[in-house]
Amino acid sequence: MLADNHTIFDPVTYILTGIPGTEESHVWIGIPFCLMYVMTLCGNSLILFIILTEQSLHEPMYLFVSMLAAADLLLSTTTVPKMLAVFWFRAGEITFAGCLTQMFFIHVSFIAESAILLAMAFDRYVAICDPLRYTSVLNKSVIGKMGLAVITRSFCIIFPLILLTKQLKFCRTNLLPHTYCEHMILARLACDDIKIHVWYGVAVAILVIGLDIVLIAVSYGLILRAVFRLPSKDARLKALRTCGSHICVILMFYVPAVFSSLAHQFGHIIPGYIVNLLANLYVLIPPMLNPIVYGVTTKEILKRVISVFYLCWSRSSLLN
């Protein structure tokens with residue numbers, strides 16, 4: 001049931017309406033979304049399977065890649081199935097508790113991915129700038145503590161936001177013009193002053209994500225300085241290739257995510273369909289492309305992927 005603009009009501013159920021202005025094309029929009037989701041599931045699951053089952057890949061860089069794959073699976077699985085339900089079956093109903101839960105996991109996975117990318121930058125820094133201490137600095141105990149720190153940081157940053165949102169009083173429509181529950185879109189339906197929500201989002205963007213970006217940039221500045229001091233051209237090219245896949249993943253993650261965050265914060269001056277498009281890009285594109293980037297550019301992972309496909313093909317040939 002819809003509420004007018006003056007009546008305060010307890011939100012029980014919201015309705016996700018999809019991408020505003022494209023309702024007649026929702027069925028067709030859902031097809032590429034579904035294909036990207038299937039690619040995300042298959043690619044990240046394969047990366048996780050290969051890294052966890054191959055003993056030789058239990059090294060810091062690959063363990064961080066497996067963390068990134070797990071975060072990508074969480075982000076896409078939290079959002080895309082509901083998107084497809086909205087596009088194909090017009091099943092946009094979601095409870096307030098379900099909306100808060102989805103919002104929590106979306107933002108937690110985003111903050112976690114940013115921290116994982118920072119950890120991967122540190123990994124590359126130690127591997128190139130201080131290779132003799134690499135195994136002692138990044139042993140399995142340290143990596144486990146870094147993984148725990150990633151989860152703890154994400155929870156501590158996002159949980160207060162969920163509590164703040166839960167305390168809001170709502171008096172506007174229960175229609176959410178989006179494909180999933182996003183913090184600022186939900187907060188804008190409230191009667192209360194949401195300045196604290198806006199400033200909390202800005203603070204997270206600057207003090208957390210911004211700091212991660214700065215530290216990653218500093219790490220790669222030091223890495224480039226060390227690389228160009230190497231005497232051999234082949235050694236320089238090898239070191240740059242090692243970092244190439246990570247730089248691609250960083251750009252794919254931060255560029256759409258930062259623009260999406262800014263679009264949500266300043267949604268009153270940006271057309272709604274652009275806000276929706278950017279928001280959908282950052283939950284669809286990086287999780288789909290990350291396993292492709294690492295699978296193609298990382299020789300050890302690519303070799304295992306080929307062997308898995310060859311084994312599957314051999315078994316199917318035997319069965320036929």
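**Entry 1: a starting point**

In which helix does Arg-124 lie? I found Arg-124 in helix α3, which covers residues 96-129. For the record, I am working on a predicted model, where local features need pLDDT of at least 70, side-chain atom pairs count only at pLDDT 80 or more, and totals for chains, interfaces and linings use all residues. I number residues from 1 along each chain as its sequence is written, and side-chain values use heavy atoms, with hydrogens and water left out.

Is Arg-124 buried or exposed? I read 8% relative accessibility for Arg-124, so it counts as buried. My cut-offs are under 20% relative accessible area for buried, over 50% for exposed and partly exposed in between, with a 1.4 Å probe and protein chains only. I then listed what Arg-124 touches, leaving out residues up to four places away in sequence: Met-61, Tyr-134, Tyr-220, Ile-223, Thr-242, Cys-243 and His-246. Contact here means heavy atoms within 4.5 Å.

**Entry 2: the whole chain**

I stepped back and noted ten helices and three strands. Those are DSSP runs numbered from the N terminus, with helices being H or I of at least four residues and strands E of at least two. From the N terminus on, I read the order as β-α-α-β-α-α-α-β-α-α-α-α-α. The radius of gyration is 22 Å, close to the 20 Å that the globule rule gives for 320 residues, so I can call the protein as compact as a globular protein of that length. That radius is taken over C-alpha atoms, and the rule is 2.2 Å times the number of residues to the power 0.38. Along the principal axes, the C-alpha atoms fill a box of roughly 70 × 55 × 35 Å.

I also noted that 47% of the 320 residues count as buried. Among contacts with a separation of 6 or more, 79% come from residues 24 or more positions apart. The accessible surface is about 16,500 Å², and carbon and sulfur atoms make up 72% of that surface; I have the areas from the Shrake-Rupley method with a 1.4 Å probe, and for residues only the protein chains shown count as cover.

**Entry 3: helix α8**

Next I looked at Val-249, in helix α8 (residues 233-265). Its relative accessibility is 1%, so I put Val-249 down as buried. Beyond its neighbours within four places in sequence, Val-249 is in contact with Leu-68, Leu-117, Asn-290, Val-293 and Tyr-294. I checked Val-249 against Arg-133 too: they are 116 residues apart in sequence and 26 Å apart in space, C-alpha to C-alpha.

Ser-245 is also in helix α8, and at 6% relative accessibility it counts as buried. What does Ser-245 contact, leaving aside neighbours within four places in sequence? I found Val-293, Tyr-294, Thr-297 and Thr-298. From Ser-245 to Asn-290 I have 8.8 Å, C-alpha to C-alpha, across 45 residues of sequence.

**Entry 4: helix α1**

Asn-44 is in helix α1 (residues 26-53) and is buried at 2% relative accessibility. With neighbours within four places left aside, I noted contacts from Asn-44 to Ala-69, Asp-72, Leu-73, Pro-287 and Pro-291.

**Entry 5: rings**

How many aromatic pairs are there? I count eleven, where rings of Phe, Tyr and Trp (its six-membered ring) pair if their centres lie within 6.5 Å; planes under 30 degrees apart are stacked, over 60 edge-to-face and the rest tilted. The ring centres of Tyr-14 and Phe-170 are 6.0 Å apart with planes at 70°, so I logged the pair as edge-to-face. Tyr-14 lies in strand β1 (residues 13-16) and Phe-170 in the loop between α5 (140-166) and β3 (175-176), so the pair ties together parts 156 residues apart in sequence. Both Tyr-14 and Phe-170 are buried. Elsewhere, ring pairs link Phe-104, Phe-105, Phe-155 and Phe-159 into a cluster.

**Entry 6: two last residues**

I placed Arg-90 in the loop between α2 (60-89) and β2 (93-95), and it is exposed at 74% relative accessible area.

Leu-175, in strand β3, is partly exposed at 33%.
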